[in-house]
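Colleague: I have a model open and want to learn how to read its fold. Where do we begin?

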Amino acid sequence: MANNKQRYINTRLWNDTYVAELDPIEKLLFIYFLTNEHTNISGIYELPQKIIGIETGIDTTMINKVLPRLESKIRYIKGYVVVKNFIKHIQWVFCALPLI
């Protein structure tokens with residue numbers, strides 16, 4: 001059985017000045033970096049650009065153009081994503097497996 005993670009994004013995210021000023025592709029990538037299956041509670045995780053492209057449908061050239069614009073909140077360093085204040089945006093929900 002797969003170990004599924006569920007996360008809830010704080011609805012105040014849309015009122016955040018930073019997010020409000022992002023264009024649609026930047027918003028997609030920002031939310032993707034918060035919610036993709038590779039994330040963990042630290043907000044630091046390995047993620048190749050090829051996978052980002054496959055999962056978002058955004059080509060690598062555009063990803064490379066957008067990443068510097070997200071740099072104040074999200075850093076991409078040698079194949080690793082670092083999300084500043086990750087826990088601020090996410091509420092983690094852990095679903096307990098039924099006892100057998």
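Modeller: Start with the inventory. This is a predicted model, and its secondary structure comprises five helices and five strands. Next, read the elements in order: from the N terminus they run β-α-α-β-α-α-β-β-α-β.

Colleague: Which strands form the open sheet, and in what order?

Modeller: Three strands lie in the order β2-β4-β3, and their pairing is antiparallel. β2 (44–46) and β3 (74–77) are the edges; each has a single partner strand, so one side of each lacks a neighbour in the sheet. On average, neighbouring strands are turned by 20° against each other, direction ignored.

Colleague: What packs on this sheet?

Modeller: Helix α2, residues 24–35, does. The helix touches β2, β3 and β4, and its direction makes about 95° with that of β4.

Colleague: How many bridges join β3 and β4?

Modeller: Four, in the antiparallel sense, with β4 covering residues 80–83. Follow the partners residue by residue. I74 has V83 in β4 as its bridge partner. R75 stands opposite V82, also in β4.

Colleague: And the turn of that hairpin? Which residue there takes a positive phi?

Modeller: K78, with phi near 50°. Two residues lie between the strands of this β3 and β4 hairpin.

Colleague: What about the protein as a whole?

Modeller: Check burial, surface and contacts. Of its 100 residues, 35% count as buried, meaning under 20% relative accessible area. The protein exposes about 6900 Å², with 57% supplied by carbon and sulfur atoms. Among contacts between residues at least 6 apart in sequence, 63% join residues at least 24 apart.

Definitions and conventions
Residues numbered from 1 in each chain as written. Predicted model: local features only at pLDDT ≥ 70, side-chain atom pairs only at ≥ 80, totals over all residues. Heavy atoms only, no water. Pairing = 2+ DSSP bridges. Axes fitted to C-alpha atoms, helices over the stretch in contact; angles between N-to-C directions. Contact = heavy atoms within 4.5 Å. Buried < 20%, exposed > 50% of the residue type's maximum accessible area, 1.4 Å probe, protein only. Areas by Shrake-Rupley, 256 points an atom, 1.4 Å probe, with all protein chains shown as cover.
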